[in-house]
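User: Got a model here I'd like to talk through. Can you take a look with me?
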Amino acid sequence: MFFTPWTPPTDIEAQLQAATAHGDWDGQIGALAVAELYVDADRAEADGLVPPAPLVPYRDPASGKRCLPVLTRGALPPWRPDRVFQRTTLDELALEWPHDKWHLAVNPGQPSAAVLPATPLNREAWLEVYAEAPPPASGRLLSLYTGPLHGPLAHGLACGAPLAVRDGVPWNELGGVYRDYDEDRAVLRDTWGVADPAGWWHLTQRLLAGAGAGRDAEFALRAREGLAEHAGSAGAPPATEEWRQAVHHVLVHRAAPEAEVRAMDAVVTRIAEAEERLRGEAVLQPGQRIASAAAHDLASAVAVARLGLAARLCGPADAERVVLSAGEAARRTYGSWSAFAAGFLLGRALGPGGAADPRAGGSGDPVLLAHRVLTADPASPWANIPWS
């Protein structure tokens with residue numbers, strides 16, 4: 001009989017397994033101090049529809065101890081509509097632990113399982129280790145080694161990787177959480193104005209259609225592509241003034257109102273200025289042009305699909321369809337990951353608040369930092385998933 005070797009979903013589960021196998025208590029606590037930990041909850045309770053049930057420990061069959069369970073991110077079970085997950089940390093557990101004789105069970109029943117005593121002295125040690133651990137940082141490339149790494153679904157998820165890296169979540173996860181249930185619902189409500197399945201569906205369709213940067217920006221970019229093709233210039237973009245005049249000519253030919261002409265003139269200026277900033281950041285090479293700003297919307301569609309699944313506003317099949325559609329639209333619009341990345345940054349600059357963000361284009365810009373991680377890290381999906 002052959003057994004498939006266990007693949008740790010993330011480095012945290014690998015560290016826990018190794019520490020437990022060697023009886024390394026310090027290693028166990030050190031891994032938990034930097035881990036995202038999750039508590040399983042009934043969705044009706046999380047939504048406030050029913051009173052929360054009293055906290056009851058279970059008896060761990062391996063150790064015989066009475067335990068309260070927590071899960072690391074890589075050990076979360078498959079998505080269910082009625083069960084959700086609330087995020088916690090080792091210090092919160094230490095400060096809020098309900099009973100001195102109960103133990104902490106981490107990933108029970110899994111290869112990375114660990115059972116730890118939780119006496120007052122133990123919890124003081126948890127706090128000391130947690131205080132010395134580096135804080136979780138955004139701007140990290142995180143992968144689920146058991147998640148999609150190749151194929152169309154991985155390609156679609158990789159289109160959302162700039163936002164996943166910015167948010168410090170695995171880029172290739174489509175499951176029960178994005179950050180955690182309450183926060184995921186809050187982000188959809190406060191950032192996207194979505195609180196129900198119908199709103200989620202309409203938002204994903206708008207994003208897949210590339211409506212975020214605006215029709216004016218796409219019109220201006222298509223006009224520049226047409227001007228370049230007419231002039232036989234496959235490389236360097238037309239001069240900004242030549243481009244502006246071409247757009248002006250088309251609008252006058254269509255008898256567009258003067259207000260629309262002025263608005264399009266401003267759009268051309270914004271795109272030219274944004275591209276110049278991207279050249280200064282070495283995202284664009286001299287003479288390189290961007291054909292579309294839709295990449296930001298497509299990346300956002302992937303993020304919203306993941307958030308909707310985590311917030312239980314859609315099911316796995318619906319979320320997967322959005323991710324696959326985003327990947328297909330990206331391949332139709334762009335010819336490479338580098339072209340997609342440039343379109344993403346341009347779309348972000350042209351979108352609401354993009355130009356007003358004081359970090360945009362600066363050393364503290366989290367989106368630009370995510371771009372650099374994805375283009376430089378050899379483990380990046382952009383380096384390992386073929387574009388077409």
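Predicted model: local features only at pLDDT ≥ 70, side-chain atom pairs only at ≥ 80, totals over all residues.

User: What's the mean pLDDT of the protein?

Analyst: The mean is 91, and 94% of the residues reach 70 or more; pLDDT is the predictor's confidence in each residue, from 0 to 100. Residues 355-359 fall below 50.

User: Which residues of helix H1 are buried?

Analyst: In H1 (residues 11-21), Ile12, Glu13, Leu16 and Ala19 are buried, meaning under 20% relative accessible area with a 1.4 Å probe, protein chains only. Helices here are DSSP runs (H or I) of at least four residues, and strands (E) of at least two, numbered from the N terminus.

User: Why do they line one face?

Analyst: Seen down the axis of H1, the buried residues fall within an arc of 130°, so they line one face of the helix. That arc is taken from the directions from the helix axis to the C-beta atoms.

User: Switching to strands: which residue in S4 is the bridge partner of Leu37?

Analyst: Thr88 is the partner in S4, and in S3 the partner of Leu37 is Thr72. S1 (residues 37-42) and S4 (residues 83-88) pair antiparallel over six bridges; pairing takes at least two DSSP bridges between the strands.

Technical notes. Residues numbered from 1 in each chain as written. Heavy atoms only, no water. Contact = heavy atoms within 4.5 Å. Buried < 20%, exposed > 50% of the residue type's maximum accessible area, 1.4 Å probe, protein only.
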